[in-house]
Amino acid sequence: MAKTGSSVVVVGGGVTGLSAAWWLARSGVEVTVLEKGIVGFEASGRNGGGCTHYQSPLFHEEQRLWPLMDELLGYPTEHRPGRIVFQVDERKANFHEGLAMRIPAGYAWEVLDGKQVRELVPLAGDNAISGVRLHFGGHANPQRTSQAYAWAAQDHGAQIRQHVAVHGFEMAGGRVSAVETSQGRFGCDALVIAAGPQTGALAAMLGHHVPMAPARAEMIVTEPLPLMPMGGVDGHGLYGRQTLRGNLAYGGGPHEWYDDTPLDGPPPRPSGSVLRGLAKRVAELLPRAAHARVIRSWAGVIENTPDGRPVIERLSSPDNVTLATMSSVGFGLSPASGHAIRDLVVDGVCSFADLSKLSLARFAELSPDWRRELNWLPPQPAATTAGELH
Amino acid sequence: MKLTLPAPDRFSIAGKTAAPDERAEIVVIGAGPAGCAAAIEAAKAGAQVVLIDENPVAPGLIGMDVPLHYGGRATAAVQTPERLVERVLEANPALGEAFELGVDVRLSTYAWGAWVNGPGLRGLATGIVGLADETRSWTLGFGRLILATGARDLNLSFAGSDQPGVMGAQALHALIARYGAFAGRRLAILGTGALALDTAELALAHGLDVVALVEARETGVGDPARLAALAARGVEIIAGHVPLAAEGGPDGVTGLVLANVAAPERHRVLVCDTVCLAIGAVPVIELFDVLGAKRTLVTERGGHVPVVGADGATSLAEVFAAGDCTGLGSNAVEAGGAAARGALRSLGRPVDAELPRLVPPGPDALAYHLDWARALLSTGGPEVLACLCEEVTRGELLAVQPPRYLGWSSNAIARRDLGTLAEDGPLDQDQIKRLTRACMGACQARRCREQVALMMALGAGVPAQSIPLAGYRAPVRPLPLSVLADADEPAAMAENWNVWFGIVTQWISYDDIGTEREAEQLRAGMPY
């Protein structure tokens with residue numbers, strides 16, 4: 001029976017927790033994932049699918065793993081390599097100069113002029129002024145990949161428990177010995193908390209303050225269009241891709257900060273606040289797709305830490321707990337973040353990257369009023385008077 | 001370690017929510033009997049009313065089976081919607097009355113979204129509806145919103161049902177009675193309930209041939225007297241049968257092959273140019289779902305419906321509802337009036353509280369739909385498409401197969417199906433949708449949402465009631481990017497649009513954190 005003695009319990013069935021569970025399970029560790037809803041059903045399955053994060057210490061491992069993931073998992077991720085980013089606004093014509101400072105050595109990329117962009121991106125128009133082509137990175141299908149992790153972990157013996165809400169932790173000898181849930185008690189030798197926006201509230205139950213703020217972001221999706229040679233195409237303030245079915249799926253623009261997110265609430269719905277702004281920019285970026293019909297929109301809630309950087313850390317107390325929040329950039333890095341979490345749980349240290357700068361300790365001196373100071377607050381209704389209507 | 005924080009956020013939605021382009025005290029969506037009654041009642045009470053209806057819809061949408069399942073049987077008359085306006089007014093005298101009373105009537109106008117202030121939407125000062133026509137979109141603010149969005153067609157597919165000539169009963173009613181633009185002559189009608197009887201009687205009244213009413217159950221389910229009257233007029237009532245395949249030619253359907261449910265190898269053929277699905281209708285609740293109104297499953301009223309009080313109040317203070325969208329078989333005109341009075345009262349206007357007479361619930365529609373789906377599955381087998389746009393077969397749906405265009409196969413995925421997925425927790429249609437792509441198409445799942453849920457229940461052996469509704473999301477009508485685009489975007493949006501959160505520290509290379517290179521990049525700002 002699952003209620004006693006899996007050796008590792010992972011709280012959170014998003015991509016980070018699921019990848020960690022898969023890595024642990026394929027290392028022969030007994031692992032149980034507790035998910036309050038359905039795996040990959042929140043921000044993990046509702047994002048741009050980008051796999052190109054050269055700012056991260058996990059970048060090299062991200063790049064090494066993605067081309068292998070379909071085979072390693074045994075399920076499709078729809079990963080495709082390469083990206084093109086281009087601009088249609090004169091003020092951003094030289095945007096590649098900023099990239100030059102950031103892309104690590106050893107990864108090939110080139111600058112494109114407008115004509116070269118149009119050759120590679122048939123839906124682009126005469127307004128394309130400059131771009132870059134990255135011969136690394138890529139994109140994948142977020143929901144399919146999330147489910148692939150869950151299924152592959154199961155194939156290695158992991159248990160995936162959905163619709164299980166965590167209520168608290170049981171301690172014994174200074175360590176977490178069990179997780180208390182809506183479905184009973186799950187004993188554990190080690191615990192991973194990778195619960196997205198809920199990570200802070202769960203860590204607080206263990207006496208740790210993980211500063212984070214949740215916010216909603218939105219994307220739009222069009223009807224399918226003929227496939228372009230490369231699907232990983234964005235720019236002009238948008239992120240996204242053309243799916244392998246041909247839909248254009250793009251996000252970007254204003255987010256809405258939330259006060260908090262409940263531990264067991266349903267996923268958010270799109271607010272409509274930015275749908276029209278997204279449609280405008282997709283039509284500007286890809287004018288030959290301006291006729292394409294928008295058929296749905298997505299929303300997801302993601303958390304950010306005050307500096308926007310992840311926390312990936314094995315705590316010193318309780319010392320059998322590993323925390324992970326990817327601070328709103330989790331999907332693409334998930335093959336590598338799962339590997340790092342596996343290493344921290346099993347070996348106490350990440351085998352392939354230094355993660356010391358991602359420790360919680362950096363927030364020790366953080367102002368208690370940091371959300372107000374950073375202006376990370378929910379909006380107030382605009383000063384129009386509802387009263388003037390009646 | 002020193003903490004480097006980003007500058008205060010100027011990229012959030014705060015301060016970027018545009019005021020609505022126009023405003024009205026009462027906005028009514030849907031100009032059927034309930035919506036017109038609501039608009040008339042509100043106008044008589046002196047309210048400022050805007051009444052929105054999408055009909056006549058653009059020919060492009062008719063071709064996509066939006067909002068009804070027209071099935072390629074509209075005449076060329078629908079190519080010029082502006083010419084159909086006269087017909088729409090003739091068919092619906094209440095629209096003229098509303099117009100006379102000063103209601104601002106907007107036809108051929110789509111309501112593609114609606115929002116009120118609430119969790120996740122704290123910046124809204126007033127409720128808004130997203131509207132569009134063929135060339136642009138805009139927003140309309142409201143004091144109270146009354147949704148009277150009616151019902152749409154329930155589609156259950158069979159071999160050949162993705163060709164012209166297979167259509168829904170609501171669409172047939174619209175083409176015959178509203179537009180005078182139906183291209184068929186000879187119909188086979190599926191179903192024997194009230195909807196099928198209404199459909200057959202309407203068709204006969206308009207001089208069309210009705211070959212037969214086909215029923216999956218052992219006997220007809222509707223009023224025996226009306227069934228007998230149809231039989232007396234030469235309409236055959238064929239019980240215990242379901243369509244096996246629609247035969248077709250260049251112009252679509254030429255005949256319908258039926259299978260005997262009890263003995264599936266026994267077939268018979270009907271000669272017809274149109275197969276009309278009149279098995280059921282579905283309350284149109286898209287906007288309620290986008291708004292986040294509380295809903296419930298009422299199988300005696302057609303399925304998932306908003307929770308609505310007798311005065312039309314929904315779980316959202318600013319939103320009222322009336323007519324078929326609140327559950328099939330309501331007293332639409334009285335309910336429309338009551339919703340208007342409820343809305344006006346909630347705004348502080350002195351109106352009385354006369355409530356509509358309740359109509360007794362109908363038979364269990366979900367059980368009836370499930371019987372049809374079971375019979376179609378057992379006779380037609382797994383090769384039939386469950387989702388027409390995305391070309392997902394029933395078999396692929398039941399096996400939770402990734403879409404064919406991925407060309408994926410593995411032993412691992414071959415072991416997965418609806419049954420194994422159900423072992424991980426209750427099935428969810430939105431999850432199945434993302435894995436198989438069933439319901440992901442350009443018709444926005446109008447032709448497959450219900451049948452996919454039914455197939456899921458049958459495939460996993462779970463009650464149909466246990467399959468949660470796949471959520472609706474804006475835009476609830478498929479609108480071109482160029483139309484949905486906000487041409488008059490607020491300057492604050494344009495100036496402070498960022499690709500992600502605009503947290504500059506987030507994008508500094510890890511190796512550079514805490515170095516002079518970090519400071520240099522912070523000075524340079526975001527690369528794009």
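**Group meeting: cysteines, sheets, the interface and salt bridges**

I'll start with one cysteine: Cys51(A) has a relative accessible area of 1%, which puts it among the buried residues. Everything I say today concerns a predicted model.

What keeps Cys51(A) from bonding to the closest cysteine sulfur? The distance does: that closest sulfur belongs to Cys350(A) and sits 19 Å away, which is too far for a bond. The cut-off for calling a disulfide is 2.5 Å between the two sulfur atoms. A disulfide, after all, is a covalent bond joining the sulfurs of two cysteines.

In chain B, take Cys325(B). Its relative accessibility is 0%, and it is therefore counted as buried. The closest cysteine sulfur to that of Cys325(B) is in Cys36(B), at 13 Å, again too far for a bond. Over all chains, the count of disulfides is zero.

Next, the sheets. Chain A has an open sheet of four strands, ordered 4-5-3-12, with mixed pairing. Which strands stand at the edges? They are strand 4, residues 109-113, and strand 12, residues 233-234; each has a single partner strand, so one side of each has no neighbour in the sheet. The partner of strand 4 in chain A is strand 5, residues 130-139, and the two are antiparallel, with five bridges between them. For one of the positions, Glu110(A) has Arg133(A), in strand 5 of chain A, as its bridge partner. As a general point, strands in a sheet pair by backbone hydrogen bonds, in a parallel or an antiparallel sense.

Chain B gives a parallel case. Strand 1, residues 22-29, and strand 2 of chain B run parallel and are joined by four bridges. Ile29(B) is bridged to Ile52(B), which is in strand 2 of chain B.

Now the interface. Contact between the chains involves 103 residues of chain B and 106 residues of chain A. The buried area between chain B and chain A is about 9,300 Å², and carbon and sulfur atoms account for 59% of that. Of the area that chain B buries against chain A, 10% comes from Leu481(B), Trp497(B) and Tyr510(B), more than from any other three residues.

On the polar side, 56 residue pairs are in polar contact between chain B and chain A, counting pairs with both residues at pLDDT 80 or more. There are five salt bridges between chain B and chain A. Asp486(B) makes a salt bridge to Arg276(A), with 3.6 Å between the closest N and O atoms.

Side chains of opposite charge can pair when their charged atoms come close. Over all chains the structure has 44 salt bridges.

In chain A, Lys280(A) and Glu284(A) form one through their side chains, at 3.1 Å from N to O. The two are four residues apart in helix 8, residues 275-285, of chain A, and so about one helical turn separates them. Glu284(A) is partly exposed, at 27% relative accessible area.

In chain B, the closest N and O atoms of Arg345(B) and Asp311(B) are 3.6 Å apart, in a salt bridge. What does this pair tie together? Arg345(B) is in helix 9, residues 332-346, of chain B, while Asp311(B) is in the loop between strand 18 (303-306) and strand 19 (319-321), so the link is between parts 34 residues apart in sequence. Arg345(B) itself is partly exposed, at 30% relative accessibility.

Also in chain B, Arg517(B) pairs with Asp512(B) in a salt bridge, with 3.1 Å between the closest N and O atoms. Arg517(B) is partly exposed at 38% relative accessible area, whereas Asp512(B) is buried at 7%. There is a network as well: Glu54(B), Glu286(B), Arg446(B) and Arg477(B) are joined by salt bridges with shared partners.

Arg64(A) is in helix 2, residues 59-65, of chain A, and is partly exposed at 43% relative accessible area. From its C-alpha atom to that of Arg175(A), 111 residues away along the chain, the separation is 35 Å.

Conventions: Residues are numbered from 1 along each chain as its sequence is written. Chains are lettered from A and ligands numbered from 1 in the order in which they are written. This is a predicted model: local features need pLDDT of at least 70, side-chain atom pairs count only at pLDDT 80 or more; totals for chains, interfaces and linings use all residues. Side-chain values use heavy atoms; hydrogens and water are left out. Buried means under 20% relative accessible area, exposed over 50%, partly exposed in between (1.4 Å probe, protein chains only). Two strands pair if DSSP finds at least two bridges between them. Contact means heavy atoms within 4.5 Å. Buried area is the accessible area (1.4 Å probe) that two parts lose on being put together, summed over both. A salt bridge is a side-chain nitrogen of Lys or Arg within 4 Å of a carboxyl oxygen of Asp or Glu. A polar contact is a pair of N or O atoms within 3.5 Å; within protein, one must be able to donate a hydrogen and the other to accept it, and residues adjacent in sequence count only if both atoms are side-chain atoms.
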